Amino acid sequence: MLILGLESSCDETAAALVTGDRRVLAHKLAGQEAAHRPYGGVVPEIAARAHVEALGPLVEAALAEAGTTLADVDAIAATAGPGLIGGVMVGLVTGKALALASGKPLIAVNHLEGHALSPRLADPSLAFPYLLLLVSGGHCQLLLVEGAGTYRRLATTIDDAAGEAFDKTAKLLGLGFPGGPAVEKAAQAGDPRAVQLPRPLAGSREPHFSFAGLKSAVARVVGQYRVEDIAASFQAAVVDCLIDRTRRALDVVPEITALVVAGGVAANTSVRVALETLASDYGIRFVAPPLWLCTDNAAMIAWAGAERFAAGMVDPLDTPARARWPLDPDAEKVRGAGVKA
Ligand code: KG4
Ligand code: ZN
């Protein structure tokens, strides 16, 4: 089985070819950081235009690198949401056009499902069900992953996502965009105990996350401490919040095979190390995808497509692009859950 995957929901344009037996034959990525940097964040219209320009050549480059053509592809998987709607439409329409032209089926992939299943692309031994901490720029959720298409959301953020908190803190500290890697780098030269910062909702009986108060606390101390010390103290607070909330989920979740982390913030070493320790406290396996699979890419979309295709799930060509698309449609609504993925 050979799946072409397309990703364009935020600020990375990507195309990849992945086989049903987990071989990544090609994965191509075009970032847009330089275009958004002057604005300190992703500008939706600039993103959509950049996706239009980049996606076609990336598909051609991926097919060339894999030494294959559309005729050899079994299905085309494109992100259909959630995300910045202009960008999502670019990728989905491209996927539909390629599907129509080649006569191959379309698979409309939820970007969050791409992140959620990405650990199974890297690790064939990871079996369902697992507890997933999904931490990206737009989402911060704990999900029970029972199978492709079957998710139970145990917790989400009531305000900012974890990656969003990293990005806003980076902006406050003048560390630039994108913020997560910049804060992590600055934190390496700082003291995580230098600045007293809150751990919102830590110890709370409710399951959710909150980061807005932490960001406001950072805003109040900017200028009073070294940037490196604020960055290190902020990162330590985020890690404490993630661990506290994940511990609560581990206490209530039914039997699982592993604790798994995915999404852009999963590229953070402190986050990975703390989760690994937590899992070992609970005597369960810890699985984190390689760094390149944590941040947005098309291999995870192709792989989610492969899992869905193997289960017989394909989608009609009139499938709509969606700015919002929860993985668990039965989850109660909470305020603030982001629209970015
Ligand atoms: O999954 P992703 O690439 O895109 C979304 O779907 O949102 O996640 C991007 C987020 C950004 O907020 C970025 O600052 C954060 O992941 N991020 C990190 C690191 N690398 C990326 N946060 C903390 N530490 C990192 N090393
Ligand atoms: Zn993402």
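How many salt bridges does the rule find across the interface of domain 1 and domain 2? The rule finds 0, a salt bridge being a side-chain nitrogen of Lys or Arg within 4 Å of a carboxyl oxygen of Asp or Glu.

This is a predicted model, where local features need pLDDT of at least 70, side-chain atom pairs count only at pLDDT 80 or more, and totals for chains, interfaces and linings use all residues. Residues are numbered from 1 along each chain as its sequence is written, chains are lettered from A and ligands numbered from 1 in the order in which they are written, and side-chain values use heavy atoms, with hydrogens and water left out.

View 1. Domain 1 covers 2-115 + 293-310, and domain 2 covers 125-288. These bounds come from an automatic or database domain assignment. The domain centres, taken over C-alpha atoms, are 26 Å apart. Domain 1 brings 16 residues to the contact and domain 2 brings 15 residues. Contact means heavy atoms within 4.5 Å.

**View 2. The area between the domains.** Together, domain 1 and domain 2 bury about 1,200 Å². Of this, 67% is on carbon and sulfur atoms. Buried area is the accessible area (1.4 Å probe) that two parts lose on being put together, summed over both. Look for L112, H115 and C294: they supply 41% of the area that domain 1 buries against domain 2, more than any other three residues.

**View 3. The zinc ion (ligand 2).** H111 (NE2), H115 (NE2) and D296 (OD) coordinate the zinc ion (ligand 2) at 2.0 to 2.2 Å. Donors are N, O and S atoms within 2.8 Å of the metal (3.2 Å for Na, K and Ca); water is not among the atoms, so sites may look incomplete. Along the sequence, the donor residues follow the spacing H-x3-H-x180-D.

Why is the arrangement irregular? The 4 donor atoms subtend angles of 92 to 148 degrees around the zinc ion (ligand 2), and this makes it irregular. Four donors count as tetrahedral if all angles lie between 85 and 135 degrees; four count as square planar and six as octahedral if opposite donors are over 155 degrees apart and all others between 65 and 115; anything else is irregular.

View 4. H111 and H115 both sit in helix α4 (residues 111-122). They are 4 residues apart, about one turn of the helix. Helices (H or I, at least four residues) and strands (E, at least two) are DSSP runs, numbered from the N terminus. H111 is buried, at 0% relative accessible area. H115 is buried too, also at 0%. Buried means under 20% relative accessible area, exposed over 50%, partly exposed in between (1.4 Å probe, protein chains only).

**View 5. Two cis peptide bonds.** The bond from F128 to P129 is cis, with omega near -10 degrees. P129 lies in the loop between α4 and β6 (130-135). The bond from F177 to P178 is also cis, with omega near -5 degrees. P178 belongs to the loop between α5 (162-172) and α6 (179-187).

**View 6. Positive phi in two loops.** R22 is not a glycine, yet its phi is positive, about 70 degrees. R22 sits in the loop between β2 (12-19) and β3 (24-31). R22 is partly exposed, at 24% relative accessibility. L201, not a glycine either, has a positive phi of about 70 degrees. Its loop runs between α6 and α7 (212-221).
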